[in-house]
Structures are given as structure tokens and as C-alpha cells.
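Reader: I have a new chain to look at. Can you take me through it briskly?

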Amino acid sequence: MPSQSPLQLVVGLVALGAWSVTLAGCASLNQTDAIPEDLARAVPVVEPAGDIAPEPAPATGELIGPDDPDIQAAMKAWKANGEAPIIRKDEFVQYPYGLTEAVVTCQPLRVCDIELEAGEEILNVSLGDSNRWLASPAFSGDGEGLTPHVLVKPTELGIATNAVITTTRRTYYLGLVSRTDAAHVRRVKFYYPQDLVQQANGIFRANAMQRKQDQRTTIARLPRFAPEALNFNYQIEGDDVPWKPVRAFDDGTHVYIQMPQAMRVTEAPALLVQTRTGDAALVNYRLRQPYYVVDKLFETALLITGVGKHQERVTIRRAGPQR
């Protein structure tokens with residue numbers, strides 16, 4: 001195998017797409033032999049952020065964060081036996097929405113608070129017995145944390161009815177009971193097991209769609225190639241490193257260096273090139289995963305990471321005749 005040209009460089013690359021790489025700049029070059037004069041360091045070009053697929057929007061409808069221990073325990077119980085428990089606290093009773101009947105037990109002439117999900121909007125409140133029960137909407141918080149409430153109050157003892165509350169997200173069906181014993185509650189809340197599962201599935205689907213979008217974006221940003229115009233006469237030699245290129249080819253104008261999947265989790269190498277004219281003029285390249293796209297044809301290029309005895313390098317040589 002041909003011997004490699006000696007040189008030394010420390011540089012990272014600007015992060016682009018899904019590659020986590022960092023521009024570190026050049027380090028001193030006195031730890032190895034000097035760089036040959038006919039090699040020039042290629043300069044990474046950062047492309048407009050608009051070419052990168054947008055991040056998936058977070059799922060809506062999140063009422064309680066996943067770190068709430070009561071919700072975590074209730075979700076585990078639901079997953080284990082298929083029954084979502086009612087969470088009972090001194091301050092409130094919390095029902096699993098859609099999985100059990102929510103019953104609000106109030107004292108006569110005392111207000112009970114039905115707290116709904118933050119961010120949803122109340123559209124309508126209907127009472128089965130609007131003569132002896134009173135209901136009015138209310139809100140707490142502000143901005144994205146604005147939380148709707150429905151305040152209900154029985155006017156007599158020993159009466160019962162139902163309520164239907166429609167919002168921009170769902171419909172609540174509740175039983176209303178008036179009594180004076182210890183079973184009454186002043187505040188009723190909900191948690192949303194089915195929504196939390198759908199949200200988790202939605203994030204999974206969004207991540208999968210993001211990966212597909214990344215692939216489509218990469219394809220869209222690469223030019224269309226005529227097979228007969230491609231030149232694959234390049235030799236790749238050097239250390240057996242995780243980031244060693246898979247192949248290199250050109251279309252007569254640009255050189256495309258295809259990097260392996262391992263490139264996503266390893267340090268990105270610096271690129272030095274010798275152009276076809278033998279000059280050391282400034283050369284630009286772009287990262288369009290998984291490719292280094294070099295703006296000029298070259299005869300020899302070196303990919304380098306590390307310094308001194310820890311330096312790793314791969315040489316790419318154009319083997320075929322010039323066009």
C-alpha cells in the first residue's frame with residue numbers, strides 16, 4: 001500500500017443535522033512532520049438552518065408531568081391489572097378520565113371545585129337538575145398554564161343529578177350528589193392514562209417520522225446524478241478507524257466522501273486536500289449526512305483526528321485518469 005503523507009491537525013466540524021461535531025480549529029503542527037505545501041486544509045461550510053427538518057412539535061394535552069409519583073404509581077397499576085385507580089388525597093380526589101365514573105359529592109350550599117386539564121377550554125356545562133344545582137366556570141393560572149374549573153353547588157340536602165362538561169379536548173360525564181357525611185369532597189381532579197399512552201406513542205411516531213424526514217431532506221439536498229457521469233476511481237487507505245469512509249466518488253465537479261454510521265457518535269475528522277491543479281487554494285466542503293461534499297475535485301485528501309502518537313488518518317487518492 002502506498003505510504004501516507006505525514007501531517008498533523010486538530011479540528012472538529014460544525015454540528016449539522018444529526019451529527020454531533022464541534023469546530024475546534026487548528027492546533028499547533030509541531031508534533032509531527034510539517035504539512036506538505038501542496039495540501040490545503042478544507043473549510044467546512046455551514047448551510048442555512050432552513051434545510052434541516054424541523055423538530056417535531058410536542059404532543060398537546062399534558063396535564064401532569066411524568067415525575068408525579070402518584071400518577072406514576074397509578075399508571076403502573078393500570079398497566080399491570082388493567083384497572084386505573086382513583087387517587088384519594090386529603091385535598092382532592094383524582095379520577096382516571098374515561099376509565100371510571102367520576103362522582104362529585106358536595107355539601108349543601110358549599111362549593112365544590114371540578115378542575116379540568118390545563119390548556120383546554122370549556123365549551124358548555126349542562127346540569128340534569130339546573131333548578132337545585134348551580135354551576136359556573138372559573139379559571140386559575142395564566143398563559144399556557146391557564147386551568148379551567150367548574151364550580152358546582154347544591155342548594156338542598158339529599159339530591160343527586162348528573163353533569164356533562166364539553167371542552168375543546170374532551171367531554172366529561174359526572175355524577176353529582178349532595179350529602180353531609182364524611183364522604184364529601186371539595187375538589188375533584190382528573191388524570192389521563194389513555195392520553196398519556198397516546199402521547200408516548202405520538203412521540204415515538206414523531207421520532208420515526210423525523211428520521212424519515214431527515215433522510216428525505218438529505219436526498220433532496222443532494223443533486224441528481226447521471227450514473228454514467230460518476231467516477232468511483234478512488235482508493236481509501238489508512239488506519240482502521242470507526243469513521244473510515246465507505247467510498248468516495250465524484251460527478252466531475254464535486255467529490256462525495258460517504259462516511260459510515262459510526263460517524264454520528266465519533267469525533268469528525270479534519271479534511272485536507274490536494275487539488276487536481278496541485279495548488280493549495282482554499283477548499284470548502286459541506287456535511288450532508290452521511291457525506292462530506294468537497295467543492296473541488298482533488299487528487300489526494302487526508303482525514304485526520306487526534307495529535308501526535310494518538311493521531312489517526314485516512315488517505316483518499318483519485319486512482320483513475322483525469323477527465
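Reader: Let's start with the open sheet. How many strands form it, and in what order?

Author: This is a predicted model. In it, 6 strands form an open sheet, ordered E2-E3-E11-E5-E8-E7. The pairing is mixed.

Reader: Which strands stand at the edges?

Author: Strand E2 (87-88) and strand E7 (133-140). Each has a single partner strand, so one side of each is left without a neighbour in the sheet.

Reader: How do E2 and E3 run, and how many bridges join them?

Author: They run antiparallel, and 2 bridges join E2 to strand E3 (residues 93-96). Ile87 stands opposite Gln94 in E3.

Reader: Zoom out. How many helices and strands are in the chain?

Author: The chain has 2 helices and 19 strands. It has 323 residues, and 39% of them count as buried.

Reader: And contacts? What share comes from residues 24 or more positions apart?

Author: 67% of the contacts in the chain with a separation of 6 or more.

Reader: Now the inside. Which residues touch the most other members of the largest nonpolar core?

Author: Val104, Ile114 and Phe190, out of 24 residues in that core. Several strands each supply at least two residues of this core, including strand E4 (102-106), strand E5 (112-115) and strand E11 (187-191).

Reader: Stay on Val104. Leaving aside its neighbours within four places in sequence, what is it in contact with?

Author: Cys112, Ile114, Val152, Leu174, Gly175, Leu176, Val177 and Val188.

Reader: What other core lies apart from that one?

Author: One of 23 residues. Met259, Met263, Leu271 and Ile316 are among them. In soluble globular proteins, nonpolar side chains tend to be buried together.

Reader: Where is Leu109, and is it buried or exposed?

Author: Leu109 is in the loop between E4 and E5. It is exposed, with a relative accessible area of 60%.

Reader: Last one, Gly252. Where does it sit?

Author: Gly252 is in the loop between strand E13 (247-250) and strand E14 (255-258). Its relative accessible area is 31%, so it counts as partly exposed.

Reader: How far apart are Gly252 and Lys296, in sequence and in space?

Author: They are 44 residues apart in sequence. In space, the C-alpha to C-alpha distance is 8.9 Å.

Note on methods: Residues are numbered from 1 along each chain as its sequence is written. This is a predicted model: local features need pLDDT of at least 70, side-chain atom pairs count only at pLDDT 80 or more; totals for chains, interfaces and linings use all residues. Side-chain values use heavy atoms; hydrogens and water are left out. Helices (H or I, at least four residues) and strands (E, at least two) are DSSP runs, numbered from the N terminus. Buried means under 20% relative accessible area, exposed over 50%, partly exposed in between (1.4 Å probe, protein chains only). Contact means heavy atoms within 4.5 Å. Two strands pair if DSSP finds at least two bridges between them. A nonpolar core is a set of buried Ala, Val, Leu, Ile, Met, Phe, Trp, Tyr and Cys residues joined through side-chain atoms within 4.5 Å.
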